[in-house]
Amino acid sequence: MNYFSSRNRTVTASPSQAILEGLASDGGLYVPEAIPQFENNWDTLAKFTYQEMAFYVLKPFLSDFSDEALHKCIQEAYDEKFDTASIAPLVKVGENYHLELFHGATIAFKDMALSILPHLMSESAKIQDNTNDIVILTATSGDTGKAAMAGFADVPHTQIIVFYPKGGVSSIQERQMLTQKGDNTAVVAIHGNFDDAQTEVKRLFNDESLRETLALEGKQFSSANSMNIGRLLPQVVYYYYAYAQLVAEGAIQAGDRINVTVPTGNFGNILAAYYAKQTGLPIDRLVCASNDNTVLYDFFQSGQYNRNRPFELTISPSMDILVSSNFERLLFHALDEDTDRVASLMQQLEDAGVYEVDAQEKVNFEDFVGAYASEDETRGEIKEVYEATDYVMDPHTAVASKAYRKARVQGEIDPNLASVIVSTASPYKFPEAVLNALDINTDALNDEGLLKELKKITNIPYPEAINEAMTGEIRHDKVIEVQDMKETVLDIIRG
Ligand SMILES: *Cc1c(COP(=O)(O)O)cnc(C)c1O
């Protein structure tokens, strides 16, 4: 199993190379040369632990990893860092099944992949006989940064630098990042939004002079962003695990189709669901849920991707995005793996901020339904679901829950199929937005007050991540302009 660039078939990499490099050298994203087809004996799979399912799903994609090495990566990733042995529990809420992906170190779904990525990277370095230190450079809209740092902190021969938009993340998210321990971690705020940070990070990755300077220091860049296949592939696992749980509970028969709704930002999580479907998991439609940043919704309506629009700050900040990087992989697969076509569309996006697929091409995106929830709809959904079921959703999950309902009302999905809502964050990560949605006045409350109030309502004890953020020492305080990111990276690398 090899990978090549979504923009050029001759730029190839083995799995371990692709994990180390992150992005392909031409700026494209690594895609599998062929998607493996799974037999899926559900009698067996329904009994698998999360770790067993991870091995089953990852093995064919990571062909140059030995069985032993892959088992070791999985064991080190999915352990007591998670507060439940099932790692990704499936919870019935009303008529839907919520796949809770927030039981890891930072109580959001990015822990699912970022707990294993550092181990996949150090194993990849071994496979490649690579002795360079790995420098992780990443832009975050809140969750990735912290989850990546938690994964990489004090992992030997690695260093991690995280940029985030000042004012673009929740106060708890910011505290979580600024209290991050580990001598190899750095967190820097920028004046700008997430896309500014991400665009500059992408540019720095391809900056030849910066790469050369790094090489002289015995270091090399890699990406912990969701463009790395080491982020993407571990996310395929929990779709299998969710389906297995539905079969085990008797909620569906093996082979029945299900609908999956994913609150979407950079398009990594939902792309993993698409890959799950491509390998043979019986998924009917994939509902791509957006907030007021409706760039993906608009694409699924019209076939036009247009980033020339205002950037909306919402109560689901991890979905505030104009350029969804992983969407390029879907383009590749939906456009019959035509790398020239993908390269040309990506060039149009860079030059003019817009591209369009034609009517014939548009048909190939029918696995997906675009739907969105406005801010008011999101708050309304948190309240309605709480009142009906006592279940408290975070705003990202609420966007998905509402989007699913809208798609269902509009007749775009089969209402008779089991519905999985991907639940991407604990409500404790966004207490203010959640309390406001429940009509609780938060004006006089500081972070601690907010958390206490939320605890009264949910009856769930504070996750360890919250205790740490509230009591940890602030260790990072830099705020810079976007144009100073390169200098800052150099400073940090030279120590
Ligand atoms: C990152 C994130 C998302 C969006 O996931 P993508 O893979 O970027 O589409 C949704 N919800 C939460 C809580 C997140 O942290």
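Helices (H or I, at least four residues) and strands (E, at least two) are DSSP runs, numbered from the N terminus.

**Basis.** I worked from a predicted model, in which local features need pLDDT of at least 70 and side-chain atom pairs count only at pLDDT 80 or more, while totals for chains, interfaces and linings use all residues. Residues are numbered from 1 along each chain as its sequence is written, and side-chain values use heavy atoms, with hydrogens and water left out.

**Asp367.** I located Asp367 in the loop between helix H16 (359-362) and strand E14 (368-372). Leaving aside residues up to four places away in sequence, I found Asp367 touching Tyr274, Lys277, Gln278, Asp284, Arg285 and Leu286; contact means heavy atoms within 4.5 Å. Ile283 is 84 residues from Asp367 along the chain, and I read 8.9 Å between their C-alpha atoms.

**H12 and H14.** I then looked up helix H12 (residues 268-279) and helix H14 (residues 327-334), whose axes come within 9 Å and cross at roughly 30°. Axes are lines fitted to C-alpha atoms, for helices over the stretch in contact, and angles run from 0 to 180 degrees between N-to-C directions. H12 is therefore roughly parallel to H14 (under 35 degrees is roughly parallel, over 145 roughly antiparallel, 65 to 115 roughly perpendicular, and the rest oblique). Leu271, Tyr274 and Tyr275 of H12 meet Arg329, Leu330 and His333 of H14.

**H17 and H18.** For helix H17 (residues 375-389) and helix H18 (residues 395-409) I noted axes that come within 8 Å and cross at roughly 90°. H17 is therefore roughly perpendicular to H18. Among the residues making this contact are Glu377, Glu381 and Glu384 of H17 and Lys402, Arg405 and Lys406 of H18.

**Domains.** I took the bounds from an automatic or database domain assignment, which gives domain 1 (90-106 + 229-426) and domain 2 (133-217 + 466-494). Their C-alpha centres lie 27 Å apart. I recorded 11 residues of domain 1 in contact with 14 residues of domain 2. About 1,000 Å² is buried between domain 1 and domain 2, with 47% from carbon and sulfur atoms; buried area is the accessible area (1.4 Å probe) that two parts lose on being put together, summed over both.
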